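Please open the model in your viewer and keep the sequence panel beside it. The stops below go from the whole chain to single side chains.

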Amino acid sequence: MPFGHDVLYFEKQSLIVKQLTKYAIRNSDNITVDAEIVKDYIVENFNYPSERIVTFPWGVDRNVFNPSVKSDIRQKLGWENNK
């Protein structure tokens with residue numbers, strides 16, 4: 001599972017690292033990445049089939065959790081004065 005930094009930046013540090021990255025990616029049966037941008041980079045720069053890459057995002061989905069949207073849940077729980 002290459003993280004964004006591994007593919008987007010680290011492989012550009014030297015020709016040897018780039019060749020090792022290219023070898024590892026091309027010899028992988030499947031790849032799991034942490035972001036769509038990493039998937040797109042691998043597909044475009046290493047000619048790896050996108051259907052063999054799974055995106056498993058880390059963090060919070062801002063479409064689901066959005067603290068700026070007002071909710072009455074804090075009042076229901078008695079937390080309206082808690083930060």
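What percentage of the 83 residues in the protein chain do buried residues make up? Buried residues make up 23% of them, where buried means under 20% relative accessible area, exposed means over 50% and partly exposed lies in between, with a 1.4 Å probe and protein chains only. This is a predicted model, in which local features need pLDDT of at least 70 and side-chain atom pairs count only at pLDDT 80 or more, while totals for chains, interfaces and linings use all residues. Residues are numbered from 1 along each chain as its sequence is written, and side-chain values use heavy atoms, with hydrogens and water left out.

**Whole chain.** Begin with the cartoon view, where the protein chain shows four helices and two strands, these being DSSP runs (H or I of at least four residues for helices, E of at least two for strands) numbered from the N terminus. Followed along the sequence, the pattern is α-α-β-α-β-α. The radius of gyration of the protein chain is 20 Å, well over the 12 Å that the globule rule gives for 83 residues, so the chain is more spread out than a compact globule; the radius is taken over C-alpha atoms, and the rule is 2.2 Å times the number of residues to the power 0.38. Along the principal axes, the C-alpha atoms fill a box of roughly 60 × 25 × 15 Å.

**Nonpolar core.** Next select Val7, Leu8, Ile25, Ile31, Val33, Val38, Tyr41, Ile42, Phe46, Tyr48 and Ile53, the eleven residues of the largest nonpolar core. Such a core is a set of buried Ala, Val, Leu, Ile, Met, Phe, Trp, Tyr and Cys residues joined through side-chain atoms within 4.5 Å. The elements that give two or more residues to this core are α1 (4-8), β1 (31-33) and α3 (36-46), and α3 gives the most, with four residues. Within this set, centre on Val7, which is in contact (heavy atoms within 4.5 Å) with Pro2, Val38, Tyr41, Ile42 and Phe46, leaving aside neighbours within four places in sequence.

**Aromatic pair.** Now show the rings of Tyr41 and Phe46. The structure holds one aromatic pair, and Tyr41 and Phe46 form it edge-to-face, at 6.2 Å centre to centre with 65° between the planes. Rings of Phe, Tyr and Trp (its six-membered ring) pair if their centres lie within 6.5 Å, and planes under 30 degrees apart count as stacked, over 60 as edge-to-face and the rest as tilted. Tyr41 is buried at a relative accessible area of 15%, and Phe46 is buried at 2%. Tyr41, in helix α3, touches Val7, Leu8, Glu11, Lys12 and Phe46, not counting residues up to four places away in sequence. From Tyr41 to Leu8, 33 residues apart in sequence, the C-alpha distance is 7.3 Å.

**Two threonines.** Select Thr21 in helix α2 (residues 15-26), which is buried at 16% relative accessibility and touches Glu11 and Phe46, not counting residues up to four places away in sequence. Then move to Thr55 in strand β2 (residues 53-55), which is partly exposed at 24% relative accessibility. Leaving aside neighbours within four places in sequence, Thr55 is in contact with Val33, Asp34, Ala35, Glu36 and Lys39. The side chains of Thr55 and Glu36 are joined by a polar contact of 2.9 Å, a term for a pair of N or O atoms within 3.5 Å; within protein, one must be able to donate a hydrogen and the other to accept it, and residues adjacent in sequence count only if both atoms are side-chain atoms.
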